[in-house]
Amino acid sequence: MSDEVNINRTLSFSREDMRRIGYRVIDLLVDQLADLGEKPASSTAKRADMEYIISESVPEEGSDFEVVLDTVVKDIMGNNMFENHPRFFGFIPGPGNFVGTMADALASGFNIITCTWFESSGAAAVELAAIRWLAELLRLPAGAGGMFVSGGSEANLTGLAVARRVKLGNDIGKGAIYFSDQTHSSVEKGLMVLGFGRDRIKKIATDDLFQIKIDALKDAIAEDRKEGKLPFLVIANAGTTNTGAVDPLVELSELCKEEGLWLHADGAFGASAVITEKGASILSGIERVDSLSIDPHKWLFQPFGIGCVLVRDANLLRETFQIRPEYMQDAEVLHGEVNFYELGIHMSRNFKALKLWMSLKLFGLDAFREAISWGFTLAEHAEEVLKKSGRWQVAAPASLAIVAFRFVQKDLSEEEVDEVNNKIVDMMVDDRFAMVSSTKLRGRVFLRMCTINPRTTFEDIEETIARLERFGVEIVEEK
C-alpha cells in the first residue's frame, strides 16, 4: 500500500505537510489581523451568490490544500462581517485577541475534551482557576462557582434552570417571572425551553434611562400573588444590548430578598466592566445576585465562543444537573476534583477556558482594565460628536460603551425618520467602511454604536459618524 493511500485512509499528513499547511494558515491570520483596520468592516453576500457552496454535492475525491484554502479565504471568509474590526460597532462586537486565537488552536490541536477530571485534569484545573478569577472580580462570595459555556444564551439558560429547581422543584405550573422590556431575547427563549409559557412572564416597563421601574415590578409581583401565582424569579439587566442600560441591582436585590425571589443578572455583555472603577460604580450590587451570565468573547476580548455562568452557591449547579450513568464510573471524583459535565447540559465540551487564562496570564489584568476603560471613552466621544452636529437625537447618555441615536429632520414625520435611519444602515453596509446596526426604542428606529474594541480610534468614530450623517442628508435630499 502506498504512502499516499495510507495518508488518505488515516486522514493525516506527513510532518512536512503539516508544517507547510500550518505556516500557511498562520501567515493568513497574521495578514488578516495585522492590517484589519485598513480593510472593509463587512462584506455580506446574497444567498444566490453563495448557492454554489450551499448546493454542492459531497465530494467523493479530495482536493489539493491550496485549492480548498483559496475557496475558504476568498469565497467564505471574504463574505462575512468582521466583528473584530475596529470599525465594527454593530450588535455587541467580539474584538478578540491573537493570544486567544492561538489558545484556541492549541486546544483544538491537542483535541482536549473538558468533560471529566479523569480525561482532562490540566484543562479542568485551568477552568477552575479562570472561573475563580471571574467570581472574585465580580466580588461574589467564596462559595461561588460556575463553568464556561457557548455564550450568553446558554449561560442564561443554565442560571435560570438552577433558579427553577431551587425555587420551584418539579412544580413549575404557578411560577411567575419578571424582567424589563429591554431584556435580551435569549432570556425569553431560555424560559420557553424550561417549560414556561408567555402567560408566566411579565415584561416590566422601563424609565427614561431604560432601566426597570421598581414600583411597576412591585405592583406586578403583588398582582400575581393575589391571582394565586408563585413569583420566584427576577432577571436584571447588567448592560442591555440596546443602550447599555443597567437595572438598579441594589434595589432589585433588596426586593428579591424581601419577596423570597431568585435574582439572575444578564451580564453577558456588561458585567466585564466591573473590573474598572467606572464600571464597578455602574454595576454596584452585581455581587448580590444569585446567578449571572458573562461573555468573555465580548468585553474580555476573547475569540468566539466563550460564555460563562456563575452561581452564588456553586453546589446548586451540581444539584441541578448531576446524573451519573454507569458508563462514567471511571470518572467518579473522590478528592475534591470537578467533573464539569455534572454542572451543566454538556458532556462534550471543548477547552474554552484556555484562551481567557492565557490572555490574562500574558497581558495581565491592568491591560484589560485599560482596554475596557477605552471603550467608555470612545462611546462618550461618539456622544459628544453626535450632539455637536445637531443632526442627531441621542436616546440616552452613553452607557457601558453603547450610544443609541437617530438622524432627525424637522419636516419629516416619525415614520419617515424611521425609514431614513433604516436606509442609513443599508448604505453603511454597502459602503463597507464601518458597521452600525439599528434597533427600536419606544417603537422608533434608532442606530447604535457599541465601542468595545480597544483598537478603535477617535478617528474611526468621527469618520463613521460623518459618513452616517452624509448618508442621512443624501436620503433626505432625494425625498
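Modeller: Strand 9 (residues 402-407) and strand 11 pair in the antiparallel sense over four bridges. Strands are DSSP E runs of at least two residues, numbered from the N terminus, and two of them pair if DSSP finds at least two bridges between them. The model is predicted, so local features need pLDDT of at least 70 and side-chain atom pairs 80 or more, while totals for chains, interfaces and linings use all residues. Numbering runs from 1 along each chain as its sequence is written, and side-chain values use heavy atoms, without hydrogens or water.

Colleague: Which residue of strand 11 is the bridge partner of Ile-402?

Modeller: Cys-450. Strand 10 (residues 437-441) is also antiparallel to strand 11, joined by five bridges, with Leu-441 opposite Arg-444.

Colleague: What lies between strand 10 and strand 11 in the hairpin?

Modeller: Two residues; Arg-442 in that turn has a positive phi of about 55°.

Colleague: Is strand 11 mostly covered or mostly open?

Modeller: In a regular strand, side chains alternate between the two faces of the sheet. Here, six of the seven residues in strand 11 (444-450) are buried, that is, under 20% relative accessible area with a 1.4 Å probe, protein chains only.

Colleague: How many cavities of 30 Å³ or more does the structure hold?

Modeller: Rolling a water-sized probe over the atoms shows where empty space is left. The structure holds one such cavity, a set of 1 Å grid points where a 1.4 Å probe fits but cannot get out. The largest cavity has about 50 Å³ of space, taken as that filled by probe spheres set on the points.

Colleague: Which residues line the largest cavity?

Modeller: Among them are Leu-134, Ser-272, Ile-294 and Leu-300, lining meaning an atom within 4 Å of a point. By class, eight are nonpolar, one is polar and none is charged; Leu and Ile count as nonpolar, Asp, Glu, Lys and Arg as charged, and Gly as polar.

Conventions: 1 Å grid on protein atoms, 1.4 Å probe; cavity = no way out; pocket = protein on both sides within 12 Å on 5 of 7 lines; lining within 4 Å. Buried < 20%, exposed > 50% of the residue type's maximum accessible area, 1.4 Å probe, protein only.
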